[in-house]
Amino acid sequence: MIIFKAKRVTITSALPYVNGIKHLGNLAGSILPADIFHRFMDLFGVDNVYICGTDDHGTAVEIGALEEQLSPQEYSDKYYEMQKEIYKKWNFDFSFFGRSSSSSNHKITQDIFLSAYENGYITKENIVIPFCQTCKRFLPDRYITGTCPHCDYNRARGDQCEKCAKVLDSQDLKEPRCSICNGNSIEFRKEKHLFLNLPLLQQKLQEWIEKQEHWPDNTRNLALGWMKEGLRPRCITRNLQWGVKVALKEYEHLVHYCWFDAPIAYISITKDGYEKGAIQENWKHYWKDSAIYHFIGKDNIPFHTIIWPAILLSARDSEQRDTNYQLPYFVQGYEYLNWEGQKFSTSKGIGLFSDEVSDLFPIDYWRFYLSSVLPESKDSNFDWDDFQRRINNELIANYGNLFYRVTHFIKQNFNGCVPKGQLDEDGAELYKKLHETVAAVEDHVSDVKLRAALSDVFAFSADVNKYFQEKRPWEQKNAYDVGNTIYAAVNLLRSISLMLYPFMPSSAEEALKALGDENKEWDHIEDERLKTSDKIEAKLLFKKIEDNDIEKAKKYVSRYVKSSDKSGIKTSGKIIEEKEKIEMVNEMIPIEEFQKLDLVTGTVVDVKDHPNAAKLYIMEVDIGSETRQIVAGLREKYAKEQLKGKQIILVANLEPKELRGVKSHGMLLAAGDGTLLCPVEPVANGSKVQ
Ligand SMILES: [Zn+2]
Ligand SMILES: [Zn+2]
């Protein structure tokens, strides 16, 4: 029986910033383990929700939108949809995947702020902020560039110098410039802003954190370390357009800093999910009468253990508003997952990204591998050879092969039906072990030690493997013994598959389906549910990773590898769009291969019918340095007038080719049914396409 204590559980994973696509490290350090934990709660029959969504506000979104010539709303709509699609591929079972820009989040944030204000936790202070007179906007420090006062590096950022690594204030920079327009008309303006008075809450927080003895050590120690240094008031407002407007007179031109409204979105996403019918139980129960579990990365620990609880405490006991929400029950802060010994980096393109991995191997391989290296108590590392080894030697050798051998044996020898059998002495012994394994998994899941829970299951699977090997049913003469062995093995495989379900939901579901028993109740995990003559299917769940598969994967170049773009936002968006059009296959080429192509823009200056071919035109194309004659099969699709003056893309370094007697010195690019590809805006003829 399940010993899980809480009657209701609320699970959240850190809200990913809406801009950009998340790398594997981001998933391993919050979304994946939260999903596993949530699926265990479902199995245990615990009333629970899993809440996630995008963090839509903030300067990065405003600037990203500016670069893509979209409004912040359009920009975040676009990336919200993209992220949602990616997470579907990963099989993340959110109760609701919402966003921090929803109207309910605006409302709840304003309510919490006003309660905190009335309770006396908000103070007003003057601060100095850079303002660009050309862009007519306030800028955060990191959007100011100038000369570092310490090392004279002339492209230092206003928050930190990249060269000498000193933390800066944009006012320290010599010759400050605006990073958006590159102009130098920067003015430093003094303005009143609002602060959350954290020192007033220090005592209460300290007492509360000290009581959280069930938290993981890394989380609790980090929080206590921060408390020791003493808390300072923290500014909660910004001069931006995009965000939650401050609902206080004289401050209505400001919005809340996005870190203020982002965690509140955990609550409002639950409300949105409830109102849209995705969550059945009243949303308030999950924030007023529930054990709240936050799954986050290490860098988010101080925020979720100190600042977020401080926000909640500041809004308590309001006489005017219903803003009494519970403090977190559990904060699981993950350390970092590294990529082949290096830090993941979106800007440097180190590592693989959440939308790329399924190009290489099935999602459940990734879910399994990442689960087995979750950085629970220290940093862990992704390593291709280790990936191959664990998939082949653990997932497949230990579970996948056993599954196939047993189900195949039943197909061959018993016409696909569970044979007559009962537990022999060894079988009964294994059921005792199953009982212990189930108890160990329950304990580990209760402590959010998911890695340990996974290895419990595999240790047990190894025992069943050993049993099957030693009984050698393929050599046994006695039909009675064979029946008993197979009966025990196939029933135990059902229990193992169900225990693996939270980690690898789609493979486990496939396995349970093949066994003809899709029951997902933990209460029945130790039952011998498969009975004599139940129909089952032989199933190969996984395919071994061959050496050349892994060699190919090692050569895979992340499409986020790029150089120039400063923010990393614009380029990644473009790259993703291309990806959706081109079906990616396992046969990857290194970027150097692609760069061999000389793709240039050119304008069609003349079009004639080909004298000997009804489908071909002869076209003259101006590519800047020269005019090329090319032959193209566009006659059925376009009239000559439609083509004249059009800018097209030409492969300029193809060997000339004769088509029905006319030489073609290049090839233009078209897609699908022969639709011509053209630049959206005119560019100089001869511009290189990259
Ligand atoms: Zn500017
Ligand atoms: Zn410097």
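**Strands and domains in a predicted model**

Q: How many bridges join strand β4 to strand β9 in this predicted model?
A: In this predicted model, β4 covers residues 122-132 and β9 covers residues 186-196. The two strands run antiparallel. The number of bridges that join them is 11.

Q: Which residue of β9 is the bridge partner of E125?
A: Strand β4 holds residues 122-132 and is joined to β9, which holds residues 186-196. In β9, the bridge partner of E125 is H193.

Q: Which elements give two or more residues to the side of domain 1 that touches domain 2?
A: The domain assignment gives domain 1 as 8-119 + 198-334 and domain 2 as 122-196. In the contact between them, 17 residues of domain 1 meet 12 residues of domain 2. On the side of domain 1, the elements that give two or more residues are α2 (59-67), α4 (103-118), β10 (234-235) and α9 (301-314).

Q: How many nonpolar residues does the side of domain 1 that touches domain 2 have?
A: This side of domain 1 can be described by residue class. It has 4 polar residues and 1 charged residue. The number of nonpolar residues is 12.

Q: How far apart do the C-alpha centres of domain 1 and domain 2 lie?
A: The two domains touch, with 17 residues of domain 1 in contact with 12 of domain 2. Their C-alpha centres lie apart by 28 Å.

Q: Which strands stand at the edges of the open sheet of 5 strands, and why is one side of each left without a neighbour?
A: The order of this open sheet is β19-β18-β17-β20-β23, and the pairing is antiparallel. Each edge strand has a single partner strand, so one side of it is left without a neighbour in the sheet. The strands at the edges are β19 (627-632) and β23 (667-668).

Q: Which residue of β20 is the bridge partner of G602?
A: Strand β17 (residues 599-609) pairs with strand β20 (residues 647-651) in the antiparallel sense, over 5 bridges. In β20, the bridge partner of G602 is I648.

Q: What percentage of the residues in the protein is buried?
A: The protein has 19 helices and 25 strands. Of its 690 residues, the buried ones make up 42%.

Methods: Residues numbered from 1 in each chain as written. Chains lettered and ligands numbered in written order. Predicted model: local features only at pLDDT ≥ 70, side-chain atom pairs only at ≥ 80, totals over all residues. Helix = DSSP H or I, 4+ residues; strand = E, 2+ residues; numbered from the N terminus. Buried ≥ 20, exposed ≤ 12 C-beta atoms within 10 Å, placed from the backbone. Domains from an automatic or database assignment. Contact = placed C-beta atoms within 7 Å. Nonpolar A, V, L, I, M, F, W, Y, C, P; charged D, E, K, R; others polar. Pairing = 2+ DSSP bridges.
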